[in-house]
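This report covers helix packing and salt bridges in one model. Please look at the structure first.

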Amino acid sequence: PDVQELCDYFNIEDRWIKRLNETMKKRQDTKAEDLEKLYETLERARSPTGLLTVKIGEMESGRFIGKVKPDKEVERLARKFRLDDPVASRFTELIHRRKKDGEIDRMHKDLNTIEQHLRHCKRANALATLLVGKLLEGEVDELPDLTEAEQVMEKYRLDEDAKSKLREIIEKRAEDKDSILVRVRKHLDNCT
């Protein structure tokens, strides 16, 4: 009945209702959390049916994580950067996945680098959504560390716009960030 309610609410086709029902029978221990997460996720989808098919695949492969209580560090970052609930939920999903996979060091590194990036951006919600999405979907293995870029920001007293732009450049050109920082330093030295 819960599966049918979800599918009725999002106007899901019968064949996907059956497949979701079969999948949920194998996930009785997490059914309530799974359904809650599906409601949250499908609510924002342009095509709920299309996204549901992806989520069913994640469930079948063991990669889907239902609604979980937010991690303390995620709650701290959500307060600090005023992240919306859906963004914090995706962030929590990333942290939970890292813990589940036994990647505690990687989890801490993700938390630190995401916080670095959020410190130097104009729209924290949008950036957090983008960065967490890239990590969850496997588009990138890790985010570029901004420690050296932050040293440049501090040394040359860059304004907020310049910090945001430098952060963006480092994110997009992570593979050659060292050479970029050398050029930025050289340029800034010539300007002062």
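## Contact between α5 and α6

In this predicted model, Val74, Leu77 and Ala78 of α5 meet Ala88, Phe91, Thr92 and Ile95 of α6. Contact here means heavy atoms within 4.5 Å. The helices are DSSP runs (H or I, at least four residues), numbered from the N terminus. By class, this contact has six nonpolar residues, one polar and no charged ones. Ala, Val, Leu, Ile, Met, Phe, Trp, Tyr, Cys and Pro count as nonpolar; Asp, Glu, Lys and Arg count as charged; the others, Gly among them, count as polar.

## Packing geometry

Two packed helices are described by the angle between their axes and the distance between the axes. Helix α5 spans residues 72-81. Its axis and that of α6 come within 10 Å and cross at roughly 150 degrees. Each axis is a line fitted to C-alpha atoms over the stretch in contact, and angles run from 0 to 180 degrees between N-to-C directions.

The two helices, α5 and α6, are therefore roughly antiparallel (the class for angles over 145 degrees). The crossing of α5 past α6 is right-handed: the near helix is turned clockwise from the far one by less than a right angle.

## Salt bridges

How many salt bridges does a search of the whole structure find? The search gives 26. The criterion is a side-chain nitrogen of Lys or Arg within 4 Å of a carboxyl oxygen of Asp or Glu.

Helix α6 (residues 85-100) holds both Glu93 and Arg97. They sit four residues apart, about one turn of the helix. Their salt bridge has its closest N and O atoms 3.5 Å apart. Both Glu93 and Arg97 are buried (under 20% relative accessible area, with a 1.4 Å probe and protein chains only; exposed is over 50%, partly exposed in between). The pair also belongs to a network of salt bridges that links Lys37, Glu40, Arg90, Glu93, Arg97 and Glu137.

## Two further pairs

Glu58 pairs with Arg63, with 3.9 Å between the closest N and O atoms. Glu58 is buried, at 5% relative accessible area. Arg63 is partly exposed, at 41%.

Glu103 and Arg106 form a salt bridge at 3.3 Å, N to O. Glu103 is partly exposed, at 25%. Arg106 is also partly exposed, at 28%.

## Model notes

Residues are numbered from 1 along each chain as its sequence is written, and side-chain values use heavy atoms, without hydrogens and water. Because the model is predicted, local features need pLDDT of at least 70 and side-chain atom pairs count only at pLDDT 80 or more, while totals for chains, interfaces and linings use all residues.

Methods. Angles under 35 degrees count as roughly parallel, over 145 as roughly antiparallel, 65 to 115 as roughly perpendicular and the rest as oblique.
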